[in-house]
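Take a look at the picture, then read on.

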Amino acid sequence: MNNRFERIVEELGEYRWITIQDCSEMMGISTRTLYKYLKEERIKGVIYQRRRLIDSISVIKYLLENKCLEINQIRNEGVKKELTYSNF
């Protein structure tokens, strides 16, 4: 199961902002669930040109907070630095 989350983090680390649909496919959850997470402020997002975009760092942070992933499993140094600055 950890391999799945490591793969998700690597995919998320490539882009800072991703669409609801892309995030849904990567994580294997419904778009409705993502909208719920946005409403509950578990993850962060913005509306840009009438499209909802999700901050990939906030998704990784959510996975870390829920113990689905550990910080030492993240290979991308830029993502690690961003998480450090966001007070994880």
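A nonpolar patch joins nonpolar side chains within 5 Å, from residues with over 30% relative accessible area and no salt bridge. Keep in mind that this is a predicted model.

**A patch on the surface**
- Trp 17, Val 46 and Tyr 48 make up a nonpolar surface patch, and together they have about 300 Å² of accessible area.
- Val 46 sits in strand 2 (residues 45-48), and its relative accessibility of 34% makes Val 46 partly exposed.

**Helices**
- Helix 4 (residues 56-65) is largely enclosed by the rest of the structure, because 8 of its 10 residues are buried.
- Among these buried residues are Ile 57, Val 59, Ile 60 and Leu 63.
- After helix 4 comes Lys 67, which has a positive phi, near 60°.
- Helix 2 (residues 20-27) packs against helix 3 (residues 31-39) at an angle of about 110°, and their axes are 9 Å apart.
- Helix 2 and helix 3 are therefore roughly perpendicular, and their crossing is right-handed.

**Salt bridges**
- The whole structure holds 2 salt bridges.
- One of them joins the side chains of Asp 55 and Arg 16, at 2.6 Å from N to O.
- That pair links distant parts of the chain, 39 residues apart: Asp 55 is in strand 3, and Arg 16 is in the loop between helix 1 and strand 1.
- Asp 55 is buried at 7% relative accessibility, whereas Arg 16 is partly exposed at 35%.
- Glu 40 and Arg 42 also meet in a salt bridge, at 2.8 Å from N to O.
- Glu 40 is partly exposed at 40%, and Arg 42 is partly exposed at 36%.

Notes
Residues are numbered from 1 along each chain as its sequence is written. This is a predicted model: local features need pLDDT of at least 70, side-chain atom pairs count only at pLDDT 80 or more; totals for chains, interfaces and linings use all residues. Side-chain values use heavy atoms; hydrogens and water are left out. Buried means under 20% relative accessible area, exposed over 50%, partly exposed in between (1.4 Å probe, protein chains only). Helices (H or I, at least four residues) and strands (E, at least two) are DSSP runs, numbered from the N terminus. Patches are made of residues with over 30% relative accessible area and no salt bridge: like charges are joined within 9 Å, nonpolar side chains (Val, Leu, Ile, Met, Phe, Trp, Tyr) within 5 Å. Accessible areas come from the Shrake-Rupley method with a 1.4 Å probe; for residues, only the protein chains shown count as cover. A salt bridge is a side-chain nitrogen of Lys or Arg within 4 Å of a carboxyl oxygen of Asp or Glu. Axes are lines fitted to C-alpha atoms, for helices over the stretch in contact, and angles run from 0 to 180 degrees between N-to-C directions. Angles under 35 degrees count as roughly parallel, over 145 as roughly antiparallel, 65 to 115 as roughly perpendicular and the rest as oblique. A crossing is left-handed if the near helix is turned anticlockwise from the far one by less than a right angle, and right-handed if clockwise.
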